[in-house]
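Please look at the sequence and the structure first.

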Amino acid sequence: LRLIKSYRTPQALRSYSRLLSVIIPPLFCPYYADLARSTGSLGLGIVYSLLTAVALSGLFDCVAQLEDPFFGHSSLDGVNVQEELGTCLSEHLLLLRQQIFSSPKSFQRHSK
């Protein structure tokens, strides 16, 4: 688990993708201006430029969240190690206890 957590995309590649997601929309400005001029709709050029910026930022954020599977509750595919160990391990240990000992006593809670 520790290796999965520590193995990430190199910082240079992450910086390059973040930089491209910021630089690419302004580089396409002449295309958006030509699109607005040829269609006669300034709104269409603006919408295409905004969609490009939002799509690139969304892709970068998705990659950042998928990169760290132990991020927690904010991602859909996050792994909560404490919860997994608490539920799966305790059930597994109780089943092993049941198999090893023929008639195990139930657990008593200790009061503090």
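The model is predicted, so local features are given only at pLDDT of at least 70 and side-chain atom pairs only at pLDDT 80 or more, while totals for chains, interfaces and linings use all residues. Residues are numbered from 1 along each chain as its sequence is written, and side-chain values use heavy atoms, with hydrogens and water left out.

**Whole chain**

The protein chain has 5 helices and 0 strands. Helices (H or I, at least four residues) and strands (E, at least two) are DSSP runs, numbered from the N terminus. Along the sequence the pattern is α-α-α-α-α. Of the 112 residues in the protein chain, 10% are buried. Buried means under 20% relative accessible area, exposed means over 50%, and partly exposed lies in between (1.4 Å probe, protein chains only). Contact means heavy atoms within 4.5 Å. Among contacts in the protein chain between residues at least 6 apart in sequence, 40% join residues at least 24 apart.

**Helix 4**

Helix 4 covers residues 42-67, which is 26 residues. From its first C-alpha to its last, helix 4 reaches 38 Å, close to the 38 Å expected at 1.5 Å a residue. The expected span is 1.5 Å times one less than the number of residues. Gly45, Phe60 and Glu67 are buried in helix 4. The buried residues of helix 4 pack against helix 2 (11-27) and helix 3 (29-39).

**Helix pairs**

Axes are lines fitted to C-alpha atoms, for helices over the stretch in contact, and angles run from 0 to 180 degrees between N-to-C directions.

| Pair | Angle | Axes apart |
|---|---|---|
| Helix 2 and helix 4 | about 165° | 8 Å |
| Helix 3 and helix 4 | about 150° | 7 Å |

With an angle of about 165° between them, helix 2 is roughly antiparallel to helix 4. Angles under 35 degrees count as roughly parallel, over 145 as roughly antiparallel, 65 to 115 as roughly perpendicular and the rest as oblique. Helix 2 passes helix 4 in a left-handed crossing. A crossing is left-handed if the near helix is turned anticlockwise from the far one by less than a right angle, and right-handed if clockwise. On the helix 2 side the contact is made by Arg14, Ser17, Arg18, Leu20, Ser21, Ile24 and Pro25, and on the helix 4 side by Ala53, Leu56, Phe60, Asp61 and Glu67. The residues of this contact of helix 2 with helix 4 divide into 6 nonpolar, 2 polar and 4 charged. Ala, Val, Leu, Ile, Met, Phe, Trp, Tyr, Cys and Pro count as nonpolar, Asp, Glu, Lys and Arg as charged, and the others, Gly among them, as polar.

Helix 3 and helix 4 are also roughly antiparallel to each other. Helix 3 passes helix 4 in a right-handed crossing. Tyr32, Leu35, Ala36 and Thr39 of helix 3 meet Leu42, Leu44, Gly45, Tyr48, Ser49 and Thr52 of helix 4. The residues of the contact of helix 3 with helix 4 divide into 6 nonpolar, 4 polar and no charged.

The axes of helix 2 and helix 3 come within 5 Å and cross at roughly 40°, which makes helix 2 oblique to helix 3. This contact is made by Pro25, Pro26 and Leu27 of helix 2 and Cys29, Pro30 and Tyr32 of helix 3. The residues of the contact of helix 2 with helix 3 divide into 6 nonpolar, no polar and no charged.

**Single residues**

Arg18 lies in helix 2 and is partly exposed, with a relative accessible area of 34%. Leaving out residues up to four places away in sequence, Arg18 touches Phe60 and Asp61. Arg18 and Phe60 are 42 residues apart in sequence, and their C-alpha atoms are 6.9 Å apart.

Ile23 is in helix 2 and counts as partly exposed at 36% relative accessibility. Ile23 and Ala53, 30 residues apart in sequence, are 9.4 Å apart in space, C-alpha to C-alpha.

Leu59 belongs to helix 4 and counts as exposed because its relative accessibility is 55%.
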